[in-house]
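These are my notebook entries on one protein model. I record here what I looked up, entry by entry.

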Amino acid sequence: MHRHTSRTGSGRALGGLTAAALCASAVLALLAPTAAQAAGPRPGGRVDWDRIARCESNGRWNANTGNGHYGGLQFKQSSWVAAGGLRYAPRADLATRREQIATARRLAAMQGMGAWACARR
């Protein structure tokens, strides 16, 4: 029986590339931590924002050390703006603890807990 093959072999190569891409995607999906995993284990699945703030800024919710990060959770200004923090204050260090946590929850929903190095500890 004669089997038909493409002269260029592109059909087979394309199939191989598609399979490789799917395998790579699956591996990355398995290896990438979810937001919950990055935040570490918490009782009841809750984020301990005070613990993160202690790690990020020694728990100083009004921290402004001149390093480009502000508040207890050390927001970058662009992150503060993107997550809607301007509704509370021009910068995170000028907002209350409660306002910073509300903004942090929105930021975490947008990009996961990886925004805080201390959330991974």
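**Second largest pocket**

I began with the secondary structure around the second largest pocket: β2 (75-76) and α5 (97-111) each supply at least two residues of its lining. The model I consulted is predicted. I then looked up the space in this pocket and found about 170 Å³. The lining includes F75 and K76, and L107 and Q111 are also among its residues. By type, the lining divides into six nonpolar, four polar and two charged residues.

**Q100**

Is Q100 buried or exposed? I count Q100 as buried because its relative accessibility is 0%, and the cut-off for buried is under 20%. I then looked up the polar contacts of its side chain. A polar atom of the Q100 side chain lies 2.7 Å from the backbone oxygen of W61. The Q100 side chain also reaches the backbone nitrogen of G72, at 2.8 Å. Leaving aside neighbours within four places in sequence, I found Q100 in contact with W61, G71, G72, L73, F75, W80, A92 and A95.

**D93**

My last entry concerns D93, which is found in the loop between α4 (77-82) and α5. D93 has a relative accessible area of 8% and is therefore buried. I looked up its side chain and found a polar contact with the side chain of R91, at 2.8 Å. Not counting residues up to four places away in sequence, D93 touches W61, N62, A63, N64, Y70 and G71.

Notes:
Residues numbered from 1 in each chain as written. Predicted model: local features only at pLDDT ≥ 70, side-chain atom pairs only at ≥ 80, totals over all residues. Heavy atoms only, no water. 1 Å grid on protein atoms, 1.4 Å probe; cavity = no way out; pocket = protein on both sides within 12 Å on 5 of 7 lines; lining within 4 Å. Points joined across faces, edges and corners; volume = space filled by probe spheres on them. Helix = DSSP H or I, 4+ residues; strand = E, 2+ residues; numbered from the N terminus. Nonpolar A, V, L, I, M, F, W, Y, C, P; charged D, E, K, R; others polar. Buried < 20%, exposed > 50% of the residue type's maximum accessible area, 1.4 Å probe, protein only. Polar contact = N/O pair within 3.5 Å; in protein donor to acceptor, adjacent residues only side chain to side chain. Contact = heavy atoms within 4.5 Å.
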